[in-house]
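Have a go at each task before you read its solution.

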Amino acid sequence: MNYQETLDYLFNALPMFQRIGAAAFKKDLSNTIQLCEHLGNPQNKFKSIHVAGTNGKGSSSHAIAAVLQEAGYKVGLYTSPHLKSFTERIKINGKEIPADKVIEFVAEYKGYLDELKPSFFEMTVGMAFKHFADERVDYAVVEVGMGGRLDSTNVLRPELCLITNIGLDHTQFLGNTLEEIAVEKAGIIKSKTPVVISQSQVETKPVFSEIASERSAPIYFADENYLVLFKGLSSDGLLSDYQVFKNNEESCVSIDLLGKYQAKNLAGVLMSIDLLRGKDLKIEERHILKGLAHASKVTGLKGRFQKLQEAPLVYCDTGHNVDGIRMITAQIQEMDFRKLHMILGMVNDKDLGEVLKLLPKDAEYTFCQANIPRALEAEQLKEQAEKQGLMGRVIKDVNEALTQAIKKADKKDLIFVGGSTFVVAEIENL
């Protein structure tokens, strides 16, 4: 098979949660364990950092990888979902897995995959771990797909675990309360392995503390060690500047991942790096500062409050649950613009009402939908939005919606595109 035929096989022959939802969700790790055993257990052949959380796990994974890379280490990075290309999921030092490596993996193991019938995600995890082992990475930063306890990535025995933030998302799988979801995320905590919690929350702190204690895992609540304050954007608008306080010492940190919500992630990232330095990793202060300032550039992260153009300003963000949308709207409220245009699309298994309640009523809306089976029909989204006082029109294709919004907008207006990772993924000039 050529590369396109290989991708077609992966996307069509194996269940893919991002596209079809619940039907692709597996409630145990048996397939992943069997696949990894067939591959020679590659997950045991490199050191790893395992990152879970409702929001912020992708940004935090990229930031840690960037710092390790800046310090001279060979760093694997596994994240999901991809935005533009399948190969975005698996990177080493910012370079995506070559297409011929994807072809080789499927060609070599197709017979076994046909027999085992793993999900798309299970297969991708196996491919990533084998690539990292074959290429002999020093460290791999591995982002959990969903939850933690039953996620395919949870066959790792990491050097460090990081849990970023707990919010209500994927409740049909993970639970209906923050405490229940925290139990699932805490499933990545391993015996005697340090775990960092980025954000202390009243509901989840006791859960993490109890599970860490049961597993003799040292636990660190990052926001009790670091105070991170958002100062604003740099003069050129390309960096977010933060004041950081630790042990009564003050420093300034800039990161090229925009969005004020990065303040919540930064404490966990810095705490994690502190612990890695304690494991004799040669990470100097200059590596931290430079790595964070170029995090998205060196790792290729997209879609985190990313500016697409000026006059009119166009931003996009992949935030799609209640906590994510809350932070996005807070960010927008601090920006200077004449009128707000919102291009919005969502998937059909989110808590629509709670998200829509958070969105500004004085914006002009265009409702769209991603080209996946899980997409919520744009007309249905419009109907539900109108019940919350959000008025607008339907243009199903996000690029047509964006073209029309730019034509209509004043140069001092702001256009925001979001509501779903998959809507952002379809933006042509991302």
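Strands, as the word is used here, are DSSP runs of E with at least two residues, numbered from the N terminus. Keep in mind throughout that this is a predicted model.

**Exercise 1. Histidine 341**

Find the strand in which histidine 341 lies, decide whether histidine 341 is buried or exposed, and list its contacts beyond its neighbours within four places in sequence.

Solution. 
- Step 1: histidine 341 belongs to strand β14, which covers residues 340-344.
- Step 2: the relative accessibility of histidine 341 is 4%. Buried means under 20%, so histidine 341 counts as buried.
- Step 3: with neighbours within four places set aside, histidine 341 touches Glu364, Ala409, Asp413, Leu414, Ile415 and Phe416.

**Exercise 2. A helix pair**

Describe how helix α4 and helix α10 pack.

Solution. 
- Step 1: two packed helices are described by the angle between their axes and the distance between the axes.
- Step 2: for α4 (residues 57-70) and α10 (residues 262-278), the angle is about 40° and the axes are 9 Å apart. That makes α4 oblique to α10.
- Step 3: the crossing of α4 past α10 is right-handed.
- Step 4: on the α4 side, the meeting residues are Ser59, Ser60, Ala63, Ile64, Val67 and Leu68; α10 brings Gln262, Asn265, Val269, Ser272, Ile273 and Leu276.
- Step 5: sorted by class, this contact of α4 with α10 has 7 nonpolar residues, 5 polar ones and no charged ones.

**Exercise 3. Salt bridges**

How many salt bridges does the structure hold?

Solution. 
- Step 1: the structure holds 18 salt bridges.
- Step 2: Lysine 246 is partly exposed, at 27% relative accessible area.
- Step 3: arginine 286 pairs with glutamate 284 in a salt bridge, with the closest N and O atoms 2.7 Å apart. Arginine 286 counts as exposed at 55% relative accessibility, while glutamate 284, at 41%, counts as partly exposed.
- Step 4: lysine 408 forms a salt bridge with glutamate 364, again with closest N and O atoms 2.8 Å apart. Lysine 408 lies in helix α16 (residues 398-408) and glutamate 364 in strand β15 (residues 364-367), so the pair ties together parts 44 residues apart in sequence.

Conventions
Residues are numbered from 1 along each chain as its sequence is written. This is a predicted model: local features need pLDDT of at least 70, side-chain atom pairs count only at pLDDT 80 or more; totals for chains, interfaces and linings use all residues. Side-chain values use heavy atoms; hydrogens and water are left out. Axes are lines fitted to C-alpha atoms, for helices over the stretch in contact, and angles run from 0 to 180 degrees between N-to-C directions. Helices (H or I, at least four residues) and strands (E, at least two) are DSSP runs, numbered from the N terminus. Angles under 35 degrees count as roughly parallel, over 145 as roughly antiparallel, 65 to 115 as roughly perpendicular and the rest as oblique. A crossing is left-handed if the near helix is turned anticlockwise from the far one by less than a right angle, and right-handed if clockwise. Contact means heavy atoms within 4.5 Å. Ala, Val, Leu, Ile, Met, Phe, Trp, Tyr, Cys and Pro count as nonpolar, Asp, Glu, Lys and Arg as charged, and the others, Gly among them, as polar. Buried means under 20% relative accessible area, exposed over 50%, partly exposed in between (1.4 Å probe, protein chains only). A salt bridge is a side-chain nitrogen of Lys or Arg within 4 Å of a carboxyl oxygen of Asp or Glu.
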